[in-house]
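Please consider the following structure with attention to its open space and to the packing of its helices.

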Amino acid sequence: KNLDVNKSSSSRASSTRKRRTYSAPLFAQPGEVSNLFGYADKFGDYLLDGPYSIIDLETSDLSPSGGKILECAILKIDSEGNEIERFETLINPGDGNVGRTDIHKIDIGMLKEAPFFEDVVGRVFEIIQDSIVVAHNARFEENFLFAELTDSGYDMDPIPALDTLWLAREIVDLPNYKLRDV
C-alpha cells in the first residue's frame, strides 16, 4: 500500500499548535541509517509491502550498557495484516537484575527457567532479517537488539525500519506520544 506522507504534511500545516521536534540521539531520525536499522523518511511515496516484524522489548534498564532484554515479542505480518508468525519469550538476563518491576511487571522468579538471549538470538535474527521492523520508539529496541546481536557474533546490514513514534508525530496531534495514547 502506498504511504504518501507529503499529503499529511499539508493538512498538518493548518494546525495552530506547534509540534515539538525530537532530535536527541535517543530518537530515530527520518532517513537515518544506523547500526541496525535504516529508518523511513518523510519525503515521497513509499511502497511498504512487508512483511513487517512488529517488535516490543522489556528491559532491565534504559540503556544496553547497564541492562539486558528481559522479554522479546515479535509479531510478523504480511502487507494485508495476516499473521505469518509469532515469537514471544521471557529472557534470563544472567545477572539477576530485572530493573523496575513496577514498570514491566517481570520479577526474577519469572526468569529462572527462561532462556538466555544467546539461546534465542538465532530465532530473533531469522524473523527480522527479511522484513520491515516496526516499533514504537524504535531506537530503544534497536539499541538493545544491536548490543545483544553483536555480543552473540551476528553482523548484519541495516534492516528497514518504521518508527511508530515518529510516524504518530507526523500524522496526529496529541498532547503526548506514549504508545498507549497513540
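Which residues lie nearest the centre of the largest pocket? In this predicted model, they are Leu57, Leu62, His136, Asn137 and Phe140, which belong to a lining of 32 residues. The space within the largest pocket amounts to about 1000 Å³.

Several elements of secondary structure contribute to this lining. At least two residues each are supplied by strand S4 (52-59), helix H2 (101-104), strand S7 (132-135), helix H5 (138-151) and helix H6 (164-171). Of these, S4 provides the largest share, with six residues.

Two packed helices are described by the angle between their axes and the distance between the axes. The handedness of the crossing of H4 and H5 is left-handed.

The contact itself can be followed residue by residue. On the H4 side, Phe117, Val121, Val124 and Phe125 take part, and they meet Leu145, Glu148 and Leu149 of H5. By class, the contact of H4 with H5 has six nonpolar residues and one charged residue, with no polar residues.

Note on methods: Residues numbered from 1 in each chain as written. Predicted model: local features only at pLDDT ≥ 70, side-chain atom pairs only at ≥ 80, totals over all residues. Heavy atoms only, no water. 1 Å grid on protein atoms, 1.4 Å probe; cavity = no way out; pocket = protein on both sides within 12 Å on 5 of 7 lines; lining within 4 Å. Points joined across faces, edges and corners; volume = space filled by probe spheres on them. Helix = DSSP H or I, 4+ residues; strand = E, 2+ residues; numbered from the N terminus. Left-handed = near helix turned anticlockwise from the far one by under 90°. Contact = heavy atoms within 4.5 Å. Nonpolar A, V, L, I, M, F, W, Y, C, P; charged D, E, K, R; others polar.
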